Amino acid sequence: MGVPARRLGWRAAKRASSVDVHLLDAEPTSEERAAVDAFLGPPLSSWVGADRADNGHSAHGGHSARAERHQLLPTLHALHEHTGWISPGALNYIARRLTIPPADVYGVASFYALFSLEPRPGRVLHVCDDLACRCAGSQALIDTLTEEVGPPGADREGATWLPSPCLGQCDRAPAALLTQSGQAPMERELVTVGSEDLLGAIGGATPSPPASAIPWQAGQPGLRLLARVGVADPESIDDYRARGGYAALRRAFELGPEGVIREVVDSKLMGRGGAAFPTGRKWDAVARQPRRPHYLICNADESEPGTFKDRVLLEGDPFSVIEAMTIAAYATGCERGYIYLRGEYPLAQRRLEHAIQQARDRGFLGQNILSHGYSFETELRKGAGAYICGEETAIFGSIEGYRGEPRNKPPFPVDRGLFGKPTVVNNVETLVNVLPIVLEGGAAYARIGTAQPDPLSRVISGEGSTGPKLFCVCGAVAQPGVYEVPFGTTLRELFELAGGVPGGGTLRAVLLGGAAGSFIKPDDLDLPLTFEDTRAAGTTLGSGVVLAIDDQVDLGRLLMVIAAFFRNESCGQCVPCRVGTVRQEEALARLLSGRTRGTVQDELALIAEIGEAMRDASICGLGQTASSAIESAIERLAVFNGGPE
Ligand SMILES: Cc1cc2nc3c(=O)[nH]c(=O)nc-3n(C[C@H](O)[C@H](O)[C@H](O)COP(=O)(O)O)c2cc1C
Ligand code: SF4
Ligand code: FES
């Protein structure tokens, strides 16, 4: 129990398991019961947890209680933020309240890294030790914490610290997240931190919330996605409207659902979540489905190491996300939407909840929107620290109250998605692109970027890359942050925008596309940033990560971080990924320690073979891409052949 098995690795988790799970006879404390009841409401029947002093014959549970299974993740959150952990008694009580087998509740609770299944201090500092934070010196912070506080998990007067994968604050690295459970639970981001800030937070100081990240381009003319970020008040719907907000929804109502889809098809918008699927085709497929209801999910899970663009939009322009969701739902006939937000974004959560409420109060959301006879409701669902839950079918499981495990495709989400119904899943940035598409027209939007039918490769690959794109530039650059540029901008131009490598340092490599992407050499800086050019160069844009690595960084160590990330985050469903990510990490560790089995070439051949198996036989994109960064470092940077290391 404790740290989820996915994070520890199966054998380590078994070793760490110090107690058996005796759920059936464990009872909740009154505090735990109160925390659950405060969220779910009082139990209506003895079958679901009320005192059994009623007549004992009739039950009000049954189907209606089982239909509440989708409340499992929010209920676990509600409990955890009050008590700081999920005890067997509390787990058993939740199982009774939602009529879910206790083993199932355990399976779900243990899936998420932010939940603890054993007692731990109420104050937890999650310290990022992922790619960008490592480049910004997080190892020194971790060394200080280990020295001053103790190893991860050590209790120092009711507080502790734990290492964390990327917290989505790479533009402000090194970063941490402070969580405090209790009657007044609190979550706070700490950005650009030093060891004093961390020790203060462990010692009980409450850091003030960081200011929203202001893009370096804020206020510049010509921006479409970042136009309001850092300029408008993200908590005022009036300011949003004064700056053009909700004009696109009015235009969408003029166009009608089919007209909106036509514009999106004409725009050739490709999804920005990593898979680059044409949005218009997805919307059209859902709109045509006769089965009802239809659902819309805004994928705000953003857990790919190095990615933070969605956070900047969600915090800086939350109304635009709500407006774009309303347009998407209108076009595709969705009655209900969910924003699946990663659990480590407390400021985005507050801003979104506030924006949803204001939009509802002003008639932009809910029943009969703007008196057009169209109704749409949306709610926020908070993840709990599982990268895999960003995969579109894993989100379904997570929202429905199951483990966030990807499903086989087909059936595709447009046919059988959330609760088995036709579902649109779109990334935050994809959705925000819909606003200029509706306002300017799809054809005008398609003229931005590289859709013009000139170079032969673009004609062959089809659509080209249209519109503006957000890139998350971090690591060894003078001005890390989110940048909006048209597709076709070169990597060199992007680096120039971000101020280049600071202090005249030497650029050693660029990790493009995040942990699931690949490394490229500094010689390739003239690569145009488009789907087709990166594909032709054997790399990917992924979710838009551009991590610059200078000669100060230990590249071998960085590869180990990537390998450990995939081993931790594999959901374990399919063998190639579950076993392959472990074997890959082991082979890398042997190479880095110099204790190879056979020659270096033997180990490199093994890594290539494992990569091939994961690519070919894994169910989902996590396994399929788990080796790409590592293999690219071996091939292009010659890390183990007299290359940079
Ligand atoms: C392991 C994994 C994690 C993913 N995480 C995200 C994510 O955090 N956000 C996202 O938008 N897409 C993520 N995706 C891609 C989604 O599966 C899906 O393609 C996307 O949400 C569709 O939206 P789009 O068409 O607007 O890009 C992930 C995919 C995989 C395989
Ligand atoms: S590829 Fe990995 S993460 Fe994806 S379903 Fe298989 S085991 Fe789970
Ligand atoms: S916040 Fe630390 S690497 Fe992203």
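**Entry 1**

I began with helix α3 (residues 30-40) and helix α6 (residues 88-97), whose axes come within 10 Å and cross at roughly 30°. For these values, axes are lines fitted to C-alpha atoms, for helices over the stretch in contact, and angles run from 0 to 180 degrees between N-to-C directions. Helices (H or I, at least four residues) and strands (E, at least two) are DSSP runs, numbered from the N terminus. Angles under 35 degrees count as roughly parallel, over 145 as roughly antiparallel, 65 to 115 as roughly perpendicular and the rest as oblique. α3 and α6 are therefore roughly parallel to each other. I noted their crossing as right-handed, the term for a near helix turned clockwise from the far one by less than a right angle, with anticlockwise being left-handed.

I then looked up who meets whom: α3 brings E32, R33, V36 and L40, and α6 brings G89, A90, Y93, I94 and R97. Contact here asks that the C-beta atoms of two residues, placed from the backbone, lie within 7 Å. By class, I wrote down five nonpolar, one polar and three charged residues for this contact. In that scheme Ala, Val, Leu, Ile, Met, Phe, Trp, Tyr, Cys and Pro are nonpolar, Asp, Glu, Lys and Arg are charged, and the others, Gly among them, are polar.

**Entry 1: what I am looking at**

A reminder to myself: this is a predicted model, where local features need pLDDT of at least 70, side-chain atom pairs count only at pLDDT 80 or more, and totals for chains, interfaces and linings use all residues. Residues are numbered from 1 along each chain as its sequence is written, while chains are lettered from A and ligands numbered from 1 in the order in which they are written.

Next I turned to helix α15 (residues 318-332) and helix α16 (residues 346-361), which pack at an angle of about 55° with axes 9 Å apart. That angle makes α15 oblique to α16. Their crossing is right-handed. P318, F319 and I322 of α15 touch R351, L352, A355, I356 and A359 of α16. I sorted this contact into seven nonpolar, no polar and one charged residues.

**Entry 2: domains**

I found five domains listed for the protein chain: domain 1 (5-109), domain 2 (123-202), domain 3 (237-446), domain 4 (471-550) and domain 5 (555-636). The bounds come from an automatic or database domain assignment. The centres of domain 2 and domain 3, taken over C-alpha atoms, are 32 Å apart. Their contact takes 14 residues from domain 2 and eleven residues from domain 3. On the domain 2 side, α8 (131-135) and β4 (186-190) each supply at least two residues, and β4 gives the most, with three.

**Entry 3: the ligands**

Where does ligand 1 lie? Domain 3 and domain 5 both give residues to its shell, so ligand 1 lies between them. I noted 24 residues around ligand 1, with G271, G273, G390, N427 and G621 the closest; near means a C-beta atom, placed from the backbone, within 6 Å. β8 (423-427) and α26 each give two or more residues, and β8 has the largest share, three residues.

Around ligand 2 there are 14 residues, and C571, C577, S618, C620 and G623 come nearest. Here α24 (575-593) and α26 (621-625) each give two or more. The shell around ligand 2 divides into eight nonpolar, five polar and one charged.
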